[in-house]
Structures are given as C-alpha cells and as structure tokens.
Amino acid sequence: MADRLTSIVTKTGDAGTTSLGDGSRIAKNDARIEAIGQVDELNSFVGLLACEPLPKDIPAALERIQHHLFDLGSELCVPGYSALIESHVTFLETEIERSLAELPPLKEFILPGGTRPASLAHVCRSICRRAERGLVTLDQREPLNDIGRQYLNRLSDYFFMLARILNKEAGRQDIFWQKEKTS
C-alpha cells in the first residue's frame, strides 16, 4: 500500500478551512465537518470502550463498528460517495435482538451508569445521538445516504443494550429512574 499520509503538518487549515476527500475546501465549522467530527469523536470513544475488560464477543463487534464508523466518515468526507450498506444496519439489529433475549424487559427508564464499561457504553450512546443529529442537520442542507442516519439510530440502541448487558455480566442491576417527589 502506498503512503497515504505523507505529511501530517500541512498548514493548509490555518485560515479556518479544510479539504474534503474530493479536493474541495470548506470552512471547518461547516455542517459537514461538524458531522465528520462527531462521527470521529464517537469512533474514538468506541476505541476507549474497547480498552475495557469485556465479554468475549464484544471486542470483535466494537472493532467492526469502528470500521463502519470510518466508512460513514468517508461518506461524509466525499460528497455523493456511499460506503455503508443495509447489511451494516442489519448487523446492529441482530446484535440488539441477541442482547434483548438475554435481558429482562424494561418497564422504567434507567440511569446511565453502573460499571465503568457500561458507563462508557452510555457515553458512546449519547455521542452517537449527537452524531445522528449532526447527520440530520447536514441532510437538511445536502441530501445524504439514508443508511448512515439509520446506522447511527440503530447504533445508539446497540450501545444502550450493550450497557445493560455489561452491567448484567458484572452482576449489577439497572438503576431505575425515580421522579423526585416534591413536598
């Protein structure tokens, strides 16, 4: 494979613009760059979660998700390019269904937390929701591949289920939200 990044310090962004994969330059605060950054931040937190001691199948699933997120980033970096496909969404749906079969049904809202890995999964979930909002914002300006938005929607559900699984595996109960009563 040829060197892809021959220079890291280019100084081309010093004026507040950056290059897209198609060579065009846009402002660093453009909705497209915001969406790219949110997906990148999510991918970084998934990498942090993957550093935790996790049950056997989860590290491989997280690595696969990181590749999918990189694919989504490439879609955002090259306007009009599509990398995600329906099978990426189906993978998440299958993982969610598998998790649902292992967990008791929820009748209440739960608080994010429990173990450190479960808490990190909740952080991934909340960052994923922000990235999804970023894609919706960009899509309102420039139509995007629907699969990316669907993927992030399922991925936030996946992280919610993963947090519950991680707490269950550690012997921790879900913490149910209780509305405070005022006197």
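Is E95 buried or exposed? I looked it up: E95 counts as buried because its relative accessibility is 13%. For this I took buried as under 20% relative accessible area, exposed as over 50%, and partly exposed as in between, with a 1.4 Å probe and protein chains only.

**Ground rules**

I am working from a predicted model, where local features need pLDDT of at least 70, side-chain atom pairs count only at pLDDT 80 or more, and totals for chains, interfaces and linings use all residues. Residues are numbered from 1 along each chain as its sequence is written, and side-chain values use heavy atoms, with hydrogens and water left out.

**Overall layout**

I listed the elements next. The chain has five helices and two strands. I took helices (H or I, at least four residues) and strands (E, at least two) as DSSP runs, numbered from the N terminus. Along the sequence they read β-β-α-α-α-α-α. I noted a box of roughly 55 × 50 × 30 Å for the C-alpha atoms, along the principal axes. Of the 183 residues, 37% count as buried.

I then checked contacts, meaning heavy atoms within 4.5 Å. Among those between residues at least 6 apart in sequence, 73% join residues at least 24 apart.

I went back to E95, which lies in helix 3. Beyond its neighbours within four places in sequence, E95 contacts A61 and Y158.

L92 is also in helix 3, which spans residues 86-102. I record L92 as buried because its relative accessibility is 0%. With neighbours within four places in sequence set aside, L92 is in contact with I65, Y151, R154, L155 and Y158. I also checked the C-alpha distance from L92 to Y158: 6.6 Å, across 66 residues of chain.

**Helix 2: H68**

Which residues does H68 touch, not counting residues up to four places away in sequence? I found L84, H88, F91 and Y151. H68 sits in helix 2. At 5% relative accessibility, H68 counts as buried.

**Nonpolar core**

I moved on to the largest nonpolar core, which has 40 residues. Such a core is a set of buried Ala, Val, Leu, Ile, Met, Phe, Trp, Tyr and Cys residues joined through side-chain atoms within 4.5 Å. The members that touch the most others are L42, L49, L62, L152, L155, Y158 and F159. At least two residues each come from helix 1, helix 2, helix 3, helix 4 (116-141) and helix 5 (146-169). Helix 5 supplies the largest share, 11 residues. As background, nonpolar side chains in soluble globular proteins tend to be buried together.

I picked out L42 for its partners. Residues up to four places away in sequence aside, L42 touches L69, C124, I127, C128, L152, L155 and F159.

**Cysteines**

How many disulfides are there in the whole structure? I found zero. The test was a pair of cysteine sulfur atoms within 2.5 Å.

I checked two cysteines. C51 has its closest cysteine sulfur in C124, 11 Å away, so the gap is too far for a bond. C51 is exposed, with a relative accessible area of 64%. For C128 the closest cysteine sulfur is also in C124, at 8.6 Å, again too far for a bond. C128 is buried, at a relative accessible area of 0%.

**Helix 5: N167**

N167 has its place in helix 5. I noted N167 as buried because its relative accessibility is 4%. N167 touches G113, G114, T115, A118 and R172, not counting residues up to four places away in sequence.

**Largest pocket**

I finished with the largest pocket, which holds about 380 Å³ of space. On a 1 Å grid over the protein atoms alone, a pocket is an open set of points where a 1.4 Å probe fits, with protein on both sides within 12 Å along at least five of seven lines, and lining residues have an atom within 4 Å of a point. Points are joined across faces, edges and corners, and the volume is the space filled by probe spheres set on them.

Of the 14 lining residues, I36, D40, G73, S74 and C77 are the closest to the centre. Helix 1 (31-50) and helix 2 (58-77) are the elements that give two or more residues to this lining. Helix 1 gives the most, with six residues.
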